Amino acid sequence: MSVLDQFRLDGRVAVVTGASSGLGVGFAEALADAGADVVLAARRIDRLEEVRDKITAMGRRCIAVRTDVSRLEDCEALIATAVEQLGDVHVLVNNAGVGHAAPAHREDPEDFNRVLGINLVGAYYMAQAFGRACIRAKHGGSIVNVSSVLGISGSDIPQVAYSSSKAGMNGMTRDLAMQWSARYGIRVNALAPSFFSSELTDPLLESEVGTKKVLARTPMGRIGETRELYGALLLLASDAGSYITGITLPVDGGWSLH
């Protein structure tokens with residue numbers, strides 16, 4: 001197998017949550033381009049169907065499943081549907097997430113709990129459902145948790161709920177890697193982007209003040225392009241990263257150096 005062939009995902013099924021917009025769409029298309037059949041999950045089924053049509057046009061099998069990752073039953077049903085329609089699952093990209101920016105002394109506890117319920121608890125539900133399917137199939141797998149540099153490094157943007165959820169995701173990544181990598185062959189890693197253009201970050205990046213804050217903190221002096229995440233994603237998802245587990249990989253233009 002050549003070096004580049006190690007990044008291929010032919011014959012594998014990849015599940016992507018939060019696949020109706022932003023980074024999730026790009027991740028799904030990158031996985032399909034690498035040869036994977038793709039299961040798309042999000043709450044907005046109409047948007048998912050648009051993404052599904054793009055991926056099937058690439059010659060890959062693809063299904064769209066309405067999923068609220070904060071509901072355990074939805075996560076279990078998603079994996080069951082994936083296995084039923086496309087076969088055993090091999091890759092999970094835990095990308096579903098929401099943000100909330102508010103000064104901590106004014107933040108509503110409901111907003112805090114909502115962010116953690118989707119970003120962290122939902123990611124754990126998905127990892128459980130995916131992990132159980134891989135264990136039953138006895139073929140191993142790869143989980144890529146989409147974290148954030150805000151889970152490993154501070155900023156002056158007041159979003160304690162989001163930062164806490166991503167720091168928790170990094171801890172979850174390490175623990176699941178310890179439990180599952182050797183025993184079941186399931187590698188678990190996290191990808192930690194900085195501020196890329198997406199539905200979640202555009203309100204900040206479309207503000208002149210917000211953009212200046214991000215650029216001032218980024219040694220490379222520019223906003224990242226979504227395509228610059230794909231190489232790291234495929235490294236962690238494919239056999240190219242077969243000896244990598246338990247890490248949080250920043251793709252941040254140097255943000256986390258501070």
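Two strands pair if DSSP finds at least two bridges between them; strands (E, at least two residues) and helices (H or I, at least four) are DSSP runs, numbered from the N terminus. The model is predicted: local features need pLDDT of at least 70, side-chain atom pairs count only at pLDDT 80 or more, and totals for chains, interfaces and linings use all residues. Residues are numbered from 1 along each chain as its sequence is written, and side-chain values use heavy atoms, with hydrogens and water left out.

Select the strands. Seven of them form an open sheet with parallel pairing, in the order β3-β2-β1-β4-β5-β6-β7. Now colour β3 (62-66) and β7 (248-251): these are the edges, and each has a single partner strand, so one side of each lacks a neighbour in the sheet. From one strand to the next, the twist averages 20°.

Go to β1 (residues 13-17) and β4 (residues 91-94), which run parallel and are joined by three bridges. Val 15 has Leu 92 as its bridge partner in β4.

Next, show α1 (residues 22-33) with α2 (residues 45-56): their axes come within 10 Å and cross at roughly 20°. Axes are lines fitted to C-alpha atoms, for helices over the stretch in contact, and angles run from 0 to 180 degrees between N-to-C directions. The crossing angle makes α1 roughly parallel to α2 (angles under 35 degrees). Display the side chains at the contact: Val 25, Ala 28, Glu 29 and Ala 32 of α1, and Val 51, Lys 54 and Ile 55 of α2.

Key:
Parallel < 35°, antiparallel > 145°, perpendicular 65-115°, else oblique. Contact = heavy atoms within 4.5 Å.
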